[in-house]
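User: Please walk me through this model in short questions and answers. Keep the cut-offs in view.

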Amino acid sequence: MAPRDGNGVVEEKLGRVQLRTESGEIILVPKPSTDPNDPLNWSQPFKYYIAIVTCAGMLMTTFLAAGPTVALVEIALDFAGGDQSKLGEVIPQVAYFFTVSALTQGTGNLIWQPLINKYGRRPMYIISFSGYLGTAVWSGVTTNYASELVARILLGFFSGAGECLGPGTISDLFFLHERGSMMAIYSFAVGSGVSIGIIVSGFIVLKNSWQMIYFVGAALIGALLILIIFTMPETIQRLEEAILGNKQYAPLSSGIRSAKKSYWSTLGLFTGEIYTTQSIWTMFIRPFGMILLPPVLWATLVMATLVGFSVALSSTFANDFARVYNFTAFQSGLAFFGSLIGGLLAMPAGGPVGEAVANYFTVRNRGIREPEFRLPAMAISIITAPLGLILYGVGLENKMHYMVPITGISLCEDHALTLDSTLDAYGPVAGEVTIAQLAFKSVIGFGLSATTNSWIANAGLVVALSEMAGITAFVLLLSVPMFFWGARLRRWSLGWRAVKFVRWEGL
């Protein structure tokens, strides 16, 4: 039983769970029910299949978000009417296509998550990816700047739903001790979508116009949508009342065995069930309170700096490499192989290494898992992320070998450790925690990326990138006090008057 420490069930509701017995054996969290329709009871191969489809969806959410940036100069030239003298004026306007869609990718989840909580994941997968398909085609066929901007705004809104659908799906399918590795794969899928999108787009524009990037993306989204419709059932089976009415690792079944649903019965758009009694308004406003909680705010700042500066680099790199190294769009796209490799190398930090570190501290803590036990695995990022920004700036400014800024790009990789820890800490409202981070990350990241051009113009490339590196290092170094005092902050901050409305039933 988890320690009560004077707070009773509050300890469990804030992420402290008994994950191992005194002999070191793993305790399944949450404990599976006897219902064959419970995703925790599905076969491991089918679970991994759903996880693969989910990660493919996550990859596609960022494929078109950043892929066309490799043709930034060509797109700008089209919207400048072929007049190269206007490129200096038009390139920042075209870059806005990508920064604004990054903004709507995150903020749109304030709408998506309440709908997911209320009506399930499957209908939102189908609706959001259908909208993504439509806006991808729209972005490829329009020739008007305003129309392209609106298309990109909506493309970000529809594609962004995947960011909150992915973590929730993985939590539905896997036990707590399995989620670290799966979330690392999810994080890699999201990050690699940028790299793969840019690399593939570079190949496409070798012999095609930039519009073909959207048409290829639309074809891939369409194929994925078919898999979702015909092979992906609803994964939310545990109703909120059951979760909140029992211990986090207590059985959710009364012992009555349900009949297994037929394949055809799982293909409906809606299951007919309502998965929470909370109002959509309550779930919409809760993220605005969650962001005030120190662990959530810090995790958001980590995501915002890493993603914001990465978006800034991805929206300007094609022009930078063309200016300094005379790279074509194809050659600039190949530069993101470094980012793809960096993502692969970063996966163990959020996966096996992160789990091993968390398990080490869990055993030392008499089998009790705290969400902060994952954070020491961030140690490498504290060095590599700021170093990557510096290498990018110094390499371009001094016209060093192109592998210097490419190495810099590869080191600026995000991972899911901070998201993992907050999901563990605030399990019953994991959806709203995810949205608080994604939405405010996108707002902060948009501000960072939107001001990058003027920042570099005023301070110079080396100074600006060094300042970005300093900000990144400071935010990441806060993981040290969060590791030691994060648990106290969680309990203390939830009593603040300003966040009273985020408290959930059973706490």
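This is a predicted model: local features need pLDDT of at least 70, side-chain atom pairs count only at pLDDT 80 or more; totals for chains, interfaces and linings use all residues.

User: Which residues are linked with Arg490 in a network of salt bridges?

Analyst: A salt bridge here is a side-chain nitrogen of Lys or Arg within 4 Å of a carboxyl oxygen of Asp or Glu. Glutamate 370 pairs with arginine 490, with the closest N and O atoms 2.9 Å apart. Arginine 490 also meets glutamate 372, at 2.8 Å from N to O. The network partners of Arg490 are therefore Glu370 and Glu372.

User: Is arginine 490 buried or exposed?

Analyst: Buried means under 20% relative accessible area, exposed over 50%, and partly exposed in between (1.4 Å probe, protein chains only). Arginine 490 has a relative accessible area of 2%. That value makes arginine 490 buried.

User: How far apart along helix H12 are aspartate 320 and arginine 323?

Analyst: Helices (H or I, at least four residues) and strands (E, at least two) are DSSP runs, numbered from the N terminus. Aspartate 320 and arginine 323 form a salt bridge, the closest N and O atoms being 3.3 Å apart. Aspartate 320 is buried at 10% relative accessibility, whereas arginine 323 is exposed at 52%. Along helix H12 they are three residues apart, so the separation is about one helical turn.

User: Which element gives the largest share of the lining of the second largest cavity?

Analyst: On a 1 Å grid over the protein atoms alone, a cavity is a set of points where a 1.4 Å probe fits but cannot get out; lining residues have an atom within 4 Å of a point. The second largest cavity has a volume of about 750 Å³, a volume being the space filled by probe spheres set on the points, which are joined across faces, edges and corners. Its lining has 41 residues, and among the closest to its centre are Val190, Val307 and Val311. The largest share, nine residues, comes from H12.

User: Which helix gives the most to the nonpolar patch?

Analyst: Patch residues have over 30% relative accessible area and no salt bridge, and nonpolar side chains (Val, Leu, Ile, Met, Phe, Trp, Tyr) are joined within 5 Å. The patch of about 510 Å² is made by Val137, Trp138, Val141, Val150, Leu154, Met212 and Phe215, with accessible areas from the Shrake-Rupley method and a 1.4 Å probe. Helices H6 (121–141), H7 (145–173) and H9 (211–231) each supply at least two of its residues. The most, three residues, come from H6.

User: What is the phi of asparagine 326?

Analyst: Asparagine 326 is in the loop between helix H12 (294–325) and helix H13 (329–334). Asparagine 326 is exposed, at 64% relative accessibility. Its phi is positive, in a residue other than glycine, and near 55 degrees.

User: Where is lysine 399, which has a phi near 50 degrees?

Analyst: Lysine 399 has a positive phi in a residue other than glycine. Lysine 399 is exposed, with a relative accessible area of 63%. Its place is the loop between helix H16 (379–397) and helix H17 (403–411).

Methods
Residues are numbered from 1 along each chain as its sequence is written. Side-chain values use heavy atoms; hydrogens and water are left out. Patches are made of residues with over 30% relative accessible area and no salt bridge: like charges are joined within 9 Å, nonpolar side chains (Val, Leu, Ile, Met, Phe, Trp, Tyr) within 5 Å. On a 1 Å grid over the protein atoms alone, a cavity is a set of points where a 1.4 Å probe fits but cannot get out, and a pocket is an open set with protein on both sides within 12 Å along at least five of seven lines; lining residues have an atom within 4 Å of a point.
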